[in-house]
Amino acid sequence: MAAPRITEVRLTPILISDAPLLNVAGVHQPYAPRLVVELITETGTAGFGETYGDSAYLELAEKLAPRLVGMPVDAVNAICRVGKDPGGLRVIDPNPDASGYRGLLTTEKQRLSVISAFEGAALDAFGKHLGVPVYDLLGGKVRDRVEYSGYLFYKWGQHPASSPNAPHDSWGEAIDPDGVVALARKFHDYGGFRSFKLKGGAFPAEEEVGAIKALRGAFPDHPLRLDPNGAWSLETSLRVARELTGVVEYLEDPTFRLDDMAEVHRQTGMTLATNMIVTATHEIKPAFDADAVQVVLSDHHFWGGLLATRDLAAICAAYGKGISMHSNTHLGISLATMTHVAATVPELRYACDTHYPWQAREDILTEPITFADGCVELSGKPGLGVEVDTDAVARLHERYVKMPHMRNRDDIAAMRAVHPDYRRPTMPKY
């Protein structure tokens, strides 16, 4: 029986509320743009995907979406090649530090982020059509549940009073070790997380090391990670790696230079993870040859979908490298998609990242995803196994329409609401 063809592609940009989370560049704005993709087939089945909603991604999605119409919904290989430039990639932003946390930004990386939502929506629709979960379309699950880490940030108690219509934050302030530990306890109560990751780069390294040690005292059996998004110099990275040996399971992108990452591992033996220097196929070999990375944090939004994520996992396995998953501000469609592919990767040895607890209170699913012992259980329902609340999507789209000044994420502009003279940090920051 032939798979049904795609008859319509609906693109809905939305704004989701976000907390005042601090990072190497600045602070999160009150709202973040996301894009909801809905594919409709000739049988009336709808499949959903989610990706970045910033203007460049939306414009590209609007350009590429019409090309999907008429394709069989199971033609995933063809869908993933839509818009591919036969001339190769072009660099959009050569700044490899705090410009987006994924190294050099290229036209191909942007395309893959859009394609990831198209592919996810197609697999969701095809799974519903066949009555099978997406993980079965990927070869079947190797685990019944997927573990996630509690993703901690330094943060303000609320967004600045000068931020118009800012959402209320209920997580509380965390700007010192005591605050970070208190936040971790709230995350543990929320989802039973059995490991924690702290986003660093906001304060001098010695302060963030102090927070990690405080977490170790409060949670002696929980694996810990620290991610400064490349904020540190080689000297600082070496110092921190030596001080946290035996304390963290890995450091994530302590420095943004490949050669410096390799030197940190060579001198200290510290396991290093990345979602900055390996975010595209052509970046894999140089990093692995230099032994600059021991764990790759995959992201189906970066790599162009679930099939590409499985390919990456196979490459990592061939090289003897670990694999886990990176996360950015996202809702339940993305979390469900991550969970399905993670369930099929035998080599997954680390808990995946997720921002979902920060956004869960206004998710667009009829039933929010829940965590037990830090894990998301696979339901076995067809497709992604989640139902999208189209009324909720419409409300968040209305917010998007009413807030044209929030079309693009800008952590630096958000920081200027408190510090008007704030500028992009020079890297290395510490």
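Modeller: Helices here are DSSP runs of H or I that hold at least four residues, strands are runs of E that hold at least two, and both are numbered from the N terminus. The structure is a predicted model.

Biologist: Where does Pro 428 lie?

Modeller: Pro 428 is joined to Met 427 by a cis peptide bond, with omega at about 0°. As for its place in the chain, the helix to look for is the one that spans 411–416, and Pro 428 lies in the segment after α15.

Biologist: In which loop is Asp 253 found?

Modeller: Asp 253 has a phi near 45°, which is a positive value in a residue other than glycine. The strand on one side of this loop covers 250–252, and Asp 253 is found in the loop between β10 and α8.

Biologist: At roughly what angle do the axes of helix α7 and helix α8 cross?

Modeller: Helix α7 covers residues 234–243 and helix α8 covers residues 258–268, and their axes come within 10 Å of each other. The crossing is right-handed. From α7 the contact takes Leu 234, Ser 237, Leu 238, Ala 241 and Arg 242, while α8 brings Asp 260, Glu 263, Val 264, Gln 267 and Thr 268. The axes of these two helices cross at roughly 35°.

Biologist: How do the residues of the contact of α7 with α8 divide into nonpolar, polar and charged?

Modeller: Among the contributors are Leu 234 and Leu 238 of α7, together with Asp 260 and Glu 263 of α8. With Leu counted as nonpolar and Asp and Glu as charged, the residues of this contact come to four nonpolar, three polar and three charged.

Biologist: In β12, what is the bridge partner of Thr 274?

Modeller: The setting is an open sheet of seven strands with parallel pairing, in the order β7-β8-β9-β10-β11-β12-β13, and its twist averages 25° from one strand to the next. Within this sheet, β11 at residues 272–274 and β12 at residues 295–298 pair over two bridges. The bridge partner of Thr 274 in β12 is Val 296.

Biologist: What is the volume of the largest cavity?

Modeller: The structure holds two cavities of 30 Å³ or more. The largest is lined by 13 residues, of which Tyr 101, Tyr 151, Lys 199, Asn 229 and Arg 409 are the closest to its centre. Its lining divides into three nonpolar, eight polar and two charged residues. The volume of the largest cavity is about 100 Å³.

Biologist: How much space lies in the second largest cavity?

Modeller: The second largest cavity is lined by Asp 18, His 28, Gln 29, Tyr 31, Ala 32, Arg 409 and Asp 411. This lining divides into two nonpolar, two polar and three charged residues. The space in the second largest cavity is about 30 Å³.

Notes. Residues are numbered from 1 along each chain as its sequence is written. This is a predicted model: local features need pLDDT of at least 70, side-chain atom pairs count only at pLDDT 80 or more; totals for chains, interfaces and linings use all residues. Side-chain values use heavy atoms; hydrogens and water are left out. Axes are lines fitted to C-alpha atoms, for helices over the stretch in contact, and angles run from 0 to 180 degrees between N-to-C directions. A crossing is left-handed if the near helix is turned anticlockwise from the far one by less than a right angle, and right-handed if clockwise. Contact means heavy atoms within 4.5 Å. On a 1 Å grid over the protein atoms alone, a cavity is a set of points where a 1.4 Å probe fits but cannot get out, and a pocket is an open set with protein on both sides within 12 Å along at least five of seven lines; lining residues have an atom within 4 Å of a point. Grid points are joined across faces, edges and corners, and a volume is the space filled by probe spheres set on the points. Two strands pair if DSSP finds at least two bridges between them.
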